[in-house]
Amino acid sequence: MSTSSINYKRHRFPPQIIAHAVWLYCRFNMSLREVEELLLERGIDVSYETIRRWVAKFGPAIARGLRHRQPQPSDIWHLDEVVVTIKGRKFWLWRAVDQNGLVLDEILQRGRNTKAAKRLLVRLMKKHNCVPKRFITDKLRSYGAAKREIAPGVAHRSHKGLNNRAENSHLPFRKRERAMQGYRSPGNLQRFVSIHSSIRNCFSVPARRRSAMTIRYHRLEAFDAWEAAVAAV
């Protein structure tokens, strides 16, 4: 496994503090000022604006490192979309998760149509270099039209009640959205959801690992993956 390429040089604080601040902000539903307060309680005097810059600078690289350590997705993919308002403009956040709840990808788009669904499918299959056995979606017809053109041989089940995994995957995003009091720009949102989902994929305990012992092992594995992802060159 290749090592992280994160370079923390020319920063006043050591890598451990920077990485811990990014983890606190992206892992939990905390504001930048709350992270600032937690760090101050530990004797670390850093402003919330500095934490914001750390998340913007180091978050994407950490997320890439975590994605490289993700397990392969299952062969059943759930697709869904959720509306997001940014400065009065409506956007749609399209999301795909596998049957274990692992977030496969998220893409913010202006439309809720066949063109947007096609872009999601193409990006998904290119990113994971595979084609699933089955797509599961709600009743939006754009999915069926895009599937027939992009992946005609893949099974497709369209029923609102079957798509709970994708719909449930929106809940952490909505909680985070309320804590952040909205997003400044589409680019800011796209960047943050990529970081947030990668960290959540790493630390969230799958439904199949619910005993106390397996939860403990899962968290230890997650922290090992995190330490590898944030390591300095």
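A search of the whole structure turns up one cavity of 30 Å³ or more. The structure is a predicted model, in which local features need pLDDT of at least 70 and side-chain atom pairs count only at pLDDT 80 or more, while totals for chains, interfaces and linings use all residues. Residues are numbered from 1 along each chain as its sequence is written, and side-chain values use heavy atoms, with hydrogens and water left out.

A word on how empty space was found: rolling a probe the size of a water molecule over the atoms shows where it is left. On a 1 Å grid over the protein atoms alone, a cavity is a set of points where a 1.4 Å probe fits but cannot get out; a pocket is an open set with protein on both sides within 12 Å along at least five of seven lines, and lining residues have an atom within 4 Å of a point. Grid points are joined across faces, edges and corners, and a volume is the space filled by probe spheres set on the points.

The largest cavity holds about 60 Å³ of space. Its lining is made up of Arg95, Val103, Glu106, Ser169, Pro172, Phe173, Val193, His196, Ser197 and Arg200. At least two lining residues come from each of strand E3 (103–109), helix H6 (164–180) and helix H7 (186–203), with H7 giving the largest share, four residues. Helices (H or I, at least four residues) and strands (E, at least two) are DSSP runs, numbered from the N terminus. By class, the cavity lining has four nonpolar, three polar and three charged residues; here Ala, Val, Leu, Ile, Met, Phe, Trp, Tyr, Cys and Pro count as nonpolar, Asp, Glu, Lys and Arg as charged, and the others, Gly among them, as polar.

As for open space, the largest pocket has a volume of about 910 Å³. It is lined by 39 residues, and Gly101, Arg200, Asn201, Ser204 and Val205 are the closest to its centre. H1, strand E2 (89–98), H6, H7 and helix H8 (212–229) each put at least two residues into this lining, and the largest share, six residues, is from H6. The pocket lining splits into 16 nonpolar, 13 polar and ten charged residues.

Next comes helix packing. H6 and H7 pack at an angle of about 125 degrees, their axes 12 Å apart. Axes are lines fitted to C-alpha atoms, for helices over the stretch in contact, and angles run from 0 to 180 degrees between N-to-C directions. H6 and H7 are therefore oblique to each other, given that angles under 35 degrees count as roughly parallel, over 145 as roughly antiparallel, 65 to 115 as roughly perpendicular and the rest as oblique. Pro172, Phe173, Arg176 and Met180 of H6 touch Leu189, Phe192, Val193, His196 and Arg200 of H7, contact meaning heavy atoms within 4.5 Å. Six of these residues are nonpolar, one is polar and two are charged.

H7 also packs against H1, at an angle of about 90 degrees and with the axes 9 Å apart, so the two are roughly perpendicular. On the H1 side sit Trp23, Tyr25, Cys26 and Arg27, meeting Phe192, Ile195, His196, Ile199 and Phe203 of H7. This contact has seven nonpolar residues, one polar and one charged.

Finally, the axes of H1 (residues 15–27) and H2 (residues 32–41) come within 10 Å and cross at roughly 135 degrees, which makes H1 oblique to H2. His20, Ala21, Leu24 and Tyr25 of H1 make the contact with Leu32, Val35, Leu38 and Leu39 of H2. Seven of the residues involved are nonpolar, one is polar and none is charged.
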